Amino acid sequence: MRASKAASSRQSAAGSQRKIHISGAEGLYKASEIQKIVKRYVERALKHPKGKADKILITIENIKQKPKSISTLPVATINCSSPAEGKNVIVKLLRSSGISKKAIDIAFELIKKGNMRGAAIITKEKGNRLEPDKKRGVRASRLGISESALKVLSSKLSKHGINTDTVKEALILASKVSFSRHILAELCISDDPDYTTGYVATEKFGYLRIPNIKHKGSKSGGRAFFVREGMEVEGIINYLERMPVIIGKVAPCKGIVSLDGILGK
Ligand code: AMP
């Protein structure tokens, strides 16, 4: 699902047709679930905190390829009480995953600007952007979770008071992304003005939630996938957009952990 709204004349230059990205969602579902999911996606587009969509596009595709079954990343939260503290934690996590300061700065810049539909693919040293459409980014798609894994995940997240669709959808996405051996780390800050928890995800650290990474009411947000220099980006995009991946196993979900504990200090 892809929902957008025409920018008001105040928000776009005269005569231009700028669109504001309101919401996007995708998943792998059984045919019998289509009606329920379409209803849920339409409601999301019409009741989104970023505003009411005036255009909603829904694409339904029959996927013949058998999905690859993977595990979720382990989940934990690093307590942060302000955007500055959160950014400091994110920088430390990404630096210790081998991402340069330059690449991190570029990610934060595009997140501050916001309004991308997908993620930027950024090289870890020079901070080059590899995605072909820089305004749109690349959307990870064809991802889902089995019924039994969803039950287990919901129960594990409930123990920490974070059993929400937002957390589950982001965790499914981050788990697919990090399963690509070419993506070293992911940074996400939601563009939802009501949702102020971001995350860093890597295979080694897992899915680390960073509360208060932005102030409530801010519509800034975005995603960055960090890769090695000289990567064949078509292969990565093909995996993200087209390879069906389903969560079949759930890794441990912890509560609050310390940054030093994560970094092994
Ligand atoms: P959200 O977490 O849904 O608020 O999304 C935050 C930002 O992540 C969006 O503004 C997009 O730039 C990006 N994004 C959302 N969904 C995807 C996706 N499926 N694949 C890649 N990037 C995404």
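These legends describe close-up views of a predicted model.

View 1. The shell around the ligand holds 15 residues, and M116, G118, A140, S190 and D191 come nearest. By class, the shell divides into 7 nonpolar, 3 polar and 5 charged residues. Two strands, β8 (183-189) and β11 (222-227), each supply at least two residues of this shell.

View 2. Which residue has a side-chain N or O atom 2.7 Å from an oxygen atom of the ligand? That residue is S190. An oxygen atom of the ligand also lies 3.0 Å from a polar side-chain atom of R223.

**View 3. Lysines over aromatic rings.** K87 lies over the face of F108, at 4.6 Å from the ring centre. K176 is placed over the face of Y239, and here the distance to the ring centre is 5.2 Å. As for pairs between aromatic rings, the structure holds 1.

**View 4. E26 in the loop between β2 and α1.** The loop that carries E26 runs between β2 (19-24) and α1 (34-46). Is E26 buried or partly exposed? E26 has a relative accessible area of 24%, so it counts as partly exposed. I37 is 11 residues from E26 along the chain, and the C-alpha atoms of the two residues are separated by 9.7 Å.

**View 5. G137 and R142 in the loop between β6 and β7.** G137 is found in the loop between β6 (120-123) and β7 (143-145), and R142 lies in the loop between β6 and β7 as well. The relative accessibility of G137 is 3%, and G137 therefore counts as buried. The C-alpha atom of G137 is separated by 9.1 Å from that of A224, although the two residues are 87 apart along the chain. R142 is also buried, because its relative accessibility is 12%, under the 20% limit for a buried residue. The backbone of R142 has a positive phi of about 50 degrees, and R142 is not a glycine. Most residues other than glycine have a negative phi.

**View 6. N212 in the loop between β10 and β11.** The loop between β10 (206-210) and β11 holds N212. What is the phi of N212? The angle is near 60 degrees, a positive value in a residue other than glycine. N212 has a relative accessibility of 32%, so it counts as partly exposed. The limits for that class are 20% and 50%.

**View 7. V75 in strand β5.** V75 belongs to strand β5, which comprises residues 75-78. The relative accessible area of V75 is 2%, and V75 is therefore buried. Along the chain, V75 and L208 are 133 residues apart, whereas their C-alpha atoms are separated by 6.0 Å.

**View 8. S4 in strand β1.** Strand β1 (residues 2-6) contains S4. Is S4 buried or exposed? S4 counts as buried because its relative accessibility is 12%.

Key
Residues are numbered from 1 along each chain as its sequence is written. This is a predicted model: local features need pLDDT of at least 70, side-chain atom pairs count only at pLDDT 80 or more; totals for chains, interfaces and linings use all residues. Side-chain values use heavy atoms; hydrogens and water are left out. A residue is near a molecule or strand if one of its heavy atoms lies within 4 Å of it. A polar contact is a pair of N or O atoms within 3.5 Å; within protein, one must be able to donate a hydrogen and the other to accept it, and residues adjacent in sequence count only if both atoms are side-chain atoms. Helices (H or I, at least four residues) and strands (E, at least two) are DSSP runs, numbered from the N terminus. Ala, Val, Leu, Ile, Met, Phe, Trp, Tyr, Cys and Pro count as nonpolar, Asp, Glu, Lys and Arg as charged, and the others, Gly among them, as polar. Rings of Phe, Tyr and Trp (its six-membered ring) pair if their centres lie within 6.5 Å; planes under 30 degrees apart count as stacked, over 60 as edge-to-face and the rest as tilted. A charge sits over a ring if NZ of Lys or CZ of Arg is within 6 Å of the ring centre and within 35 degrees of the ring normal. Buried means under 20% relative accessible area, exposed over 50%, partly exposed in between (1.4 Å probe, protein chains only).
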